[in-house]
Structure formats: C-alpha cells, structure tokens
Amino acid sequence: PQTLSIKTKNDIKTIKNILLGEVWFGSGQSNMQMPLSGFRNEPVFGSQEIIAKSKNDLVRLITVPKKASEVPLENFDGFWEISSPESVRDFSAVAYIFASYVSEVLNVPVGIIHTSWGGTPAEAWTDNQFLESNFSSDLIKNHSRNKLKNHEPSFLFNGMINPLIPYTIKGAIWYQGENNRNRSSFYAELMKIMVESWRTNWDQGDFYFFYAQIAPFKYEGKDKKSSALLREAQLNAMDLIRNSGMAVTSDIGDLNSIHPSEKIKVGKRLAFWALNNAYNINSIVPSGPIVKSYKTDGSKVELTFDYAENGFYEFNGPLKDFEISGNDAVFHQAKASITRNAKVIVESSEVNEPTMIRYGWKNYFDSTLFNLEGLPASSFFIRDLSK
C-alpha cells in the first residue's frame, strides 16, 4: 500500500492504504445488482463460503448510488472498501467474483466499481448524443408504463457512468438485456453504440467489454421465443464490438426465477474472457462453443464450432433442442450427434433438404452442448444454410 500526501500552504492532507492495480466497472440491471446475500427468496449458490473467505486486502470495492439525471454529473457519493465479509455481503455477486478471481489468478490488486440498477434498459445507460445520432426517436424513448426516470434515455449514463469518467480503467463487464427483450431487433446495434459512447467519452481507447448473455427463463406472454431473439442479438454483438466477449449462461437458467442462482459461475466466466483477452493467458478457454461454419450433405447438416478444439461433451445427456426445416419453413425436431473429429451432425427423417437450423430456440431450454471445459454453447439460428 502507498501513501499520498497533498501539501498546501497551511495544511497537509494524507491518504493512506492506496493500491496500484487493475480497475474494472460492472454495470447493467438486476442480475448485476444481485448481491452475494441474494434477493428475497432468491439465493446465490455458494455465497456463504465466498463471504467467509473474502478478507483480501488486494480487492477493493465501491458502489455508485442509484441516480437518474437529466444532465451529466461529475461526482457521486461513495467510498472504496477493502474486501471483507462485511463489505462483500451486499455487493454485486457477479462483480465481486469477477474481481476477486482476476486478482487471485494474476496476484495483483483489482478495484471493482459497481454501478447498476435493476429493471433498466440499455438506452438509459447510453450517452444521449450517440442515441440521437444513430437511432430514430420512435425507437429510443422511455418505454416504461409509468415513465420512470431511470428508464429515460441517457439518464443513468448521466448519473451513474459519467461521474466515473475519466478514471483509468481496464474495461467493463455488463449483465443486462431482460428489459430490452421485446425490442431485440436493434439490441446488438444498441449495445455497440452504448459501448462506443463510453469509450469515446473516456478517451482511453477501445477498453475491454465483456458481458453475460441472459439465461433461459419462462418469460410470460404469447411470444415463446422473445428471449431467444435477444440472446441472438447478444451473440451477434460480439462481431460488432471490438475487444468484447460474451459469457454464455444457457446452462444455469432457472425456469421460475429471472435471477439465476449461479452468479459465481457467471462472474468466473466473465473473468475467463478477461484473463484470455485482456491478460493474454491463452491457455484459458474463454467461451463455450460458437458456430464457426456449416454445410449440408443431403439431409444432414454438419456444424463446426470455435472454442471446441478438443470436441464436445454431453453433460446433460444426449443432445436435444436442435431443429431443422426445409423450404416450407416448418421446423422439425432433429437428431444431433457428435463426431470423432469434433463436429456436430444434425438430421431429421422429415426433412430431405435442410435450409435452416436452430438450437435452443425458445425462452427456456436445457443446455446439452458443451465444450470439454464445461462451458455451454449459445442458442443460435442459421436462416440460410446455402450461404
């Protein structure tokens, strides 16, 4: 720890116990906000042991208070705390696990800034100038029924992101999407613009941005595939945002809770991306399988994947939730099998010439496709197998 002395003509101010290390911030909605102590009737699995072992001078925490503002603010009321059972219990579970795991692996100090608000849309976290320059006004507006201030475009950027600028950071982690689920058609572009607005204002280059894909859940309503569309938008965002990566959570959804309990796994999966991409530990696989290429062979579809160099494992039993269709766009359940040369073959006796294929294409499904590191594949939809 270092000491900073500030001398004026008549006084000396001393700030003690300063660490020099890595700084990240974690933002989003309730799944980022969820503390290690859990929400009412919604636990964080394994948190008791994490809290008990949390005394660690190398990890520092700070939370930005909830504040929606019409104009950009430059300050907030908050203070750094040393990691301890008292300080981490009510701190973001995902953000804490991410920071403590990165610190443990690298053996360096890590400061984590938590700035999130449950139930909020991505538009609220984006600089308004960037919203107005890239989207029509009918898309970017307050969609809250009660016109809540924390749903106003840019209001949370102004109150909870702008006060952090230009504090030097390594990157950001993000866990959000549920509130944009019914507006998924432009969500990938919105994420890109949000991150662009952060990076431009910070003026520290294309700092790292790693995010969690929303988990399967039995969303209410007639549309049984709205979250699959949102997950697809999040998957596509990786191709749009430089220095980004997505932690897939398709295996840890909870049919009856929108706040899955496996937050420790989410934090570590985000840390895998940071350790691989930001800190160049290439032996750590950062992601579950992501479709790399595909081709048809008669009635069969052959898929190859990135992040599956050593093949696949069926942790939850035989592969399921694969569907294929022909030109009639009628989907049929398909048989999927793993080959010895690390490919997945999909076919259905009811489809002679497949034109489309999808996996996990519904609000809730049980993951069955994993790489050997135990990381699950994202749901996906290939709409034209001829391309």
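An open sheet of four strands, in the order β10-β11-β16-β15 and with antiparallel pairing, is present in the predicted model; strands here are DSSP runs of E with at least two residues, helices are runs of H or I with at least four, both numbered from the N terminus, and two strands pair if DSSP finds at least two bridges between them. The edge strands, each of which pairs on one side only, are β10 (290–297) and β15 (335–338). From one strand to the next the twist averages 25 degrees, where axes are lines fitted to C-alpha atoms and angles between N-to-C directions run from 0 to 180 degrees. Strand β10 is joined to β11 (residues 300–306) by seven bridges, and these two strands run antiparallel; within this pair, tyrosine 294 stands opposite leucine 303 in β11.

The chain as a whole has nine helices and 19 strands. Its radius of gyration is 22 Å, close to the 21 Å that the globule rule gives for 387 residues, so the chain is as compact as a globular protein of that length; the radius is taken over C-alpha atoms, and the rule is 2.2 Å times the number of residues to the power 0.38. Buried residues (under 20% relative accessible area, with a 1.4 Å probe and protein chains only) make up 54% of the 387 residues.

Residues are numbered from 1 along each chain as its sequence is written. Because the model is predicted, local features need pLDDT of at least 70 and side-chain atom pairs count only at pLDDT 80 or more, whereas totals for chains, interfaces and linings use all residues, and side-chain values use heavy atoms, with hydrogens and water left out.

Key:
Buried < 20%, exposed > 50% of the residue type's maximum accessible area, 1.4 Å probe, protein only.
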